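Thank you all for making time this morning.

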Amino acid sequence: PIVNPPKPIEIRGVNPRPDDKNDVVIVTLINGVSTIESQVIYGLLGQILSIVAYSELRTKRQLGYVVNANYGTASNVDYLTTFVQGNKLDADGMEAAVEVVLWDLMPRKLKTMSEHEFRDFKDSMMHSLIEPPVSPYDEVNHFWYPVRMGGRCFEAREQSLLLLNSSLVTREVLVGAWEHLAMPPAGTRKTIVTKFFAGQVPARPSPREQQAQLARQGVAPSAWRWLSGEREQTLV
């Protein structure tokens with residue numbers, strides 16, 4: 001079963017590897033029930049988020065050797081997730097750095113991306129959809145989703161290709177989808193933030209401490225006004 005959280009959730013725990021000196025943060029944004037359209041739109045967003053997050057958090061900030069971001073599905077639910085493992089900042093600090101990606105860098109990337117670059121992302125997704133399986137493992141993965149769905153959606157790839165080649169998938173559509181997911185105008189995001197701390201779990205930062213962390217990492221003050229409201233509703 002997949003949980004539909006009515007409010008943001010934060011999980012704080014000890015790194016399960018006792019000799020690992022790294023902290024870990026996983027920030028997951030949940031969209032909702034998956035459709036052909038959402039798989040295409042959020043699949044493209046996942047490609048872009050992967051590049052933006054790695055460039056900022058790994059290459060530029062050197063927060064850890066393990067930085068990843070992608071689109072995925074849990075059962076029939078879409079999500080986008082960003083993962084950082086390192087010891088330069090603790091998990092609370094790394095979460096603040098991830099918010100820079102979500103609140104500033106991703107919207108800026110989507111709005112300034114050239115048509116040629118956007119086309120490259122679409123072509124990359126098309127290639128992944130038409131590439132045939134080359135091993136028994138790939139073949140199982142290729143057909144597992146429709147089998148799991150009880151024999152439905154065997155033509156999902158073809159429908160996704162048709163949508164990608166249509167005029168319905170534009171940069172403006174991606175901008176709107178990102179705003180809906182990461183900065184909704186009403187209510188809060190559907191997020192599950194998982195934090196593992198090396199050693200012991202510290203107390204959750206106070207509102208003032210969290211605001212200071214976000215400011216140090218470069219999150220705009222206007223975002224704090226929104227994030228403070230989300231904080232008040234978060235189940236820890």
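When I say that two parts are in contact, I mean that they have heavy atoms within 4.5 Å. Please also keep in mind throughout that this is a predicted model.

With that in place, let me begin with helix α3, whose buried residues pack against α1 (36-60), α5 (156-164) and α6 (171-182). The buried residues in question are Phe118, Phe121, Lys122, Met125, Met126 and Leu129. They cover an arc of only 135° around the axis, and therefore they sit on the same side of α3. On the face turned away from that buried side we find the exposed residues His116 and Ile130. As for the geometry of the helix itself, α3 has 16 residues, 115-130, which at 1.5 Å a residue should span 22 Å, and its end C-alpha atoms are 22 Å apart, in agreement with that expectation.

If we take Met106 as an example and leave aside residues up to four places away in sequence, it touches Leu45, Ile48, Leu49, Val52, Val101 and Trp178.

Is Ile36 buried, exposed or partly exposed? At 21% relative accessibility it counts as partly exposed, since the buried class ends under 20%. Again not counting residues up to four places away in sequence, Ile36 touches Ala156, Gln159, Ser160 and Leu163. The C-alpha atoms of Ile36 and Leu161 are separated by 9.8 Å, although the two residues are 125 residues apart along the chain.

Let me finish with the sheet, which is open and is formed by 5 strands in the order β1-β5-β2-β4-β3, with mixed pairing. Its edge strands, each pairing on one side only, are β1 (9-14) and β3 (66-74). On average, and ignoring direction, neighbouring strands are turned by 15° against each other. Helix α1 packs on this sheet, touching β2 (23-33), β3 and β4, and its direction makes about 170° with that of β3, while α6 lies across β2 and β4, running at about 115° to β2.

Within the sheet, β3 and β4 (residues 77-86) pair in the antiparallel sense over 9 bridges, and the partner of Thr73 in β4 is Asp78. Strand β2 pairs with β4, also in the antiparallel sense, over 10 bridges, one of them joining Val27 to Thr82. With β5 (residues 191-197), β2 forms 6 bridges, antiparallel as well, and there Val25 has Lys195 as its bridge partner. Finally, 9 of the 11 residues of β2 are buried, so this strand is largely enclosed by the rest of the structure.

Notes. Residues numbered from 1 in each chain as written. Predicted model: local features only at pLDDT ≥ 70, side-chain atom pairs only at ≥ 80, totals over all residues. Heavy atoms only, no water. Helix = DSSP H or I, 4+ residues; strand = E, 2+ residues; numbered from the N terminus. Expected span 1.5 Å × (residues − 1). Buried < 20%, exposed > 50% of the residue type's maximum accessible area, 1.4 Å probe, protein only. Arc of directions from axis to C-beta. Pairing = 2+ DSSP bridges. Axes fitted to C-alpha atoms, helices over the stretch in contact; angles between N-to-C directions.
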